[in-house]
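Here is a short briefing on one model.

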Amino acid sequence: MPDKPSPFARILLICAALVTGSCGLQGSSVQKGDGDWIRTGRTDDEQRFSPLTQIDASNADRLGLVWYDDLNLSRGEEATPLVVDGVLYVSTAWSMVKAYDAATGKPLWAFDPEVPRRQLVKACCDAVNRGVAVWNGRVFVGTLDGRLIALNGRTGKPVWSVQTTDERVPYTITGAPRVIKGKVIIGNGGAELGVRGYVGAYDVNTGRRIWRFYTVPGEPGKPDGEVSDPQMAAAAKTWSGDAWWRQKAGGGTAWDAFAYDPELDLLYIGTGNGSPWSRAARSEGRGDNLFLSSIVAVRPDTGKYVWHYQLVPGDEWDYTATQHMILADLKIGGEVRKVLMQAPKNGFFYVLDRATGKLISAEKYVPANWAEKIDLSTGRPVENPEARYSERGKPFYATPSSLGGHNWPPMAYNPGTGLVYIPAQELSVLFVGDPAFRKSPIGYNTATRLGTRDPSLTPPIQAAKGYLLAWDPVRQREAWRAPRDTFGNGGVLTTAGDLVVQGTGTGFLKVMRASDGKELWSQWLQAGVLAAPMTYSVRGKQYLAVLAGCGGVYGSACRMVDKDGRRPNLDRLLVFALDGKVQLPAAPAAQPMVLDPPPVTGSPAAAARGRDKYARYCAVCHGYDAVSLGNQPDLRYSPTLGSDAWFTILLEGGLSDSGMASFADVLDRGAAEDIRQYLIRIAHDRKAKPESTTTKSSEHSS
């Protein structure tokens with residue numbers, strides 16, 4: 001572990017952070033100080049480091065709640081609040097935005113973009129939103145149905161709105177916009193369902209699109225008519241056939257990770273997985289498939305390509321590079337290097353030269369069996385030949401799983417300790433190719449058989465687990481770790497007060513000493529915490545804020561089901577300070593869950609057909625093997641299993657106002673009946689032999 005800085009060095013670090021913070025609103029007419037949190041990552045470098053020191057390792061045990069707000073939602077909450085001039089802005093599930101007096105919690109305004117609830121069928125992972133951007137009195141939010149909206153920061157009234165995606169295609173926006181040089185930068189998601197990724201820049205004043213950068217090629221032999229044309233010609237040579245184009249897919253969606261270096265004037269984009277996952281189904285089993293699973297540097301004024309580094313050539317494990325990126329200056333080999341750091345899904349921690357994209361180092365931060373190492377001379381992984389499941393036609397148990405060694409919850413970097421703090425996890429998943437794959441208009445289109453188990457194969461990791469990992473990026477080794485009760489824990493904040501703050505999937509907010517991981521304070525928030533905390537000050541008082549709410553890709557990690565039944569999902573915004581005295585109301589009692597399925601009337605063959613249909617169309621929300629531990633209903637317990645209401649919901653959209661769309665486009669009454677018979681049969685099996693409530697992993701991602 002790096003030596004702890006001297007008091008003088010610590011002052012220099014704080015001063016440097018103040019300078020960075022004052023430049024955070026690039027292009028804004030105002031300058032902000034260290035008391036505000038003006039970017040989703042606080043500053044353009046996305047370090048999620050605060051120079052505030054009023055709350056520190058000596059007094060963190062005095063933290064207490066000072067105000068909170070019930071959001072009256074039961075979805076995943078993933079946003080980091082922003083604070084500007086004493087006003088706290090935050091987005092919630094369903095892309096809604098709220099503003100509060102940051103000191104008192106007084107609501108100032110609320111905005112609901114009225115996203116049609118049927119849009120949820122186009123979302124891979126809940127109706128989540130990861131935050132807003134602010135600039136010169138305006139608040140910007142991306143919506144689940146693909147709009148980018150500018151709001152008046154004082155009133156919450158819309159100033160302009162632009163549709164950034166084709167509404168006929170299953171695109172979504174869940175990520176936070178960034179404002180760079182008078183442009184709002186936004187990407188999109190949907191690679192699991194079948195889309196072609198791109199990033200767009202929009203004028204902050206009007207919403208006019210300035211440029212668009214595609215992340216995968218379009219129709220072979222034809223130009224795209226956008227700034228990425230020259231790069232797409234080269235990228236197209238790394239794809240084979242035209243299956244990805246005929247499927248109107250390709251993937252590479254940039255749904256979350258961006259960073260900006262104002263000195264180099266480079267915008268960094270993290271891109272996603274292939275669509276479909278299987279390279280055999282996507283690209284005839286050949287090619288690197290640029291720019292999948294890559295970090296791409298472009299000019300923010302024009303979108304012009306500068307360099308790229310591909311982490312996983314020819315990805316087919318959902319090993320995205322959309323995880324949080326951090327920019328920092330590190331002394332490596334006696335030389336100060338301008339670096340970009342990322343701990344992506346694939347299990348390796350990367351340090352790149354952010355001016356050139358050249359790989360400096362890469363080491364495993366969690367167990368990984370898909371590759372032996374990263375070859376520093378070529379920058380390419382030395383793959384395990386057995387990992388290419390789609391081309392070998394044989395299943396492969398991979399670790400990390402498609403959920404990754406680290407997923408979207410942001411990590412943080414503390415210049416004082418020199419450590420990066422990663423919400424790490426260890427899981428395995430069986431990848432099985434689907435040679436009979438045909439794209440469906442609804443549901444996942446991965447060309448893999450999700451949720452498959454093979455009793456003849458042993459997973460490389462037997463039990464899923466999670467921990468906060470303190471990583472030394474210079475020495476590329478672990479400094480310390482703090483075990484967690486489940487995988488799927490929240491993002492991270494670190495401060496100059498020698499603190500690291502993280503929420504857990506089981507609902508605790510924990511404050512630790514940044515230097516060694518000693519736990520200093522913890523409070524149960526009554527709901528799983530996935531979002532990253534942040535800190536700010538108003539009139540000399542420091543506050544700590546976090547959103548609680550279980551869902552998203554980690555709905556099954558929050559353990560909302562235990563021996564007493566299902567606990568409610570209490571979405572809240574919570575704000576703490578020293579000597580806070582506010583108490584949360586008592587948590588509602590868990591609701592008992594009693595299996596009482598109707599009699600089995602269908603044949604084993606019908607149930608087998610239903611199992612396959614369930615895995616493709618239902619499991620992503622309701623749980624693999626029909627076991628839901630998250631905030632979506634466990635269908636084994638559904639009272640509709642014994643009535644025609646089952647068909648009303650599944651085929652007629654009887655619950656579409658709640659987000660459960662009709663599946664009539666892909667299921668007829670016979671297929672719906674098969675799914676019902678599968679659930680009835682498995683409910684009887686579980687009733688005869690109750691399963692443990694131990695958390696199981698899901699195989700879906702962002």
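Leu547 has Leu573 in E41 as its bridge partner. This is a predicted model, in which local features need pLDDT of at least 70, side-chain atom pairs count only at pLDDT 80 or more, and totals for chains, interfaces and linings use all residues. Residues are numbered from 1 along each chain as its sequence is written, and side-chain values use heavy atoms, with hydrogens and water left out.

**Strands around E38**
- Strands (E, at least two residues) and helices (H or I, at least four) are DSSP runs, numbered from the N terminus.
- E38 (residues 541–548) has 7 of its 8 residues buried (under 20% relative accessible area, 1.4 Å probe, protein chains only).
- E38 pairs antiparallel with E41 (residues 572–578) over 5 bridges; pairing takes at least two DSSP bridges.
- E37 (residues 534–538) also runs antiparallel to E38, joined by 5 bridges.
- Thr535 has Leu544 in E38 as its bridge partner.
- The E37 and E38 hairpin has 2 residues between the strands, and Arg539 takes a positive phi near 50°.

**Gly270**
- Gly270 lies in strand E17 (residues 266–270).
- Gly270 is buried, at a relative accessible area of 0%.
- Its contacts (heavy atoms within 4.5 Å) include Thr253, Ser294 and Met325, not counting residues up to four places away in sequence.

**Nonpolar cores**
- A nonpolar core is a set of buried Ala, Val, Leu, Ile, Met, Phe, Trp, Tyr and Cys residues joined through side-chain atoms within 4.5 Å.
- The largest has 73 residues, with Tyr268, Trp317 and Leu679 among those with the most contacts inside it.
- Helix H9 (residues 669–688) gives the largest share of this core, 7 residues.
- A second, separate core of 66 residues includes Tyr89 and Leu493.

Key
Buried means under 20% relative accessible area, exposed over 50%, partly exposed in between (1.4 Å probe, protein chains only).
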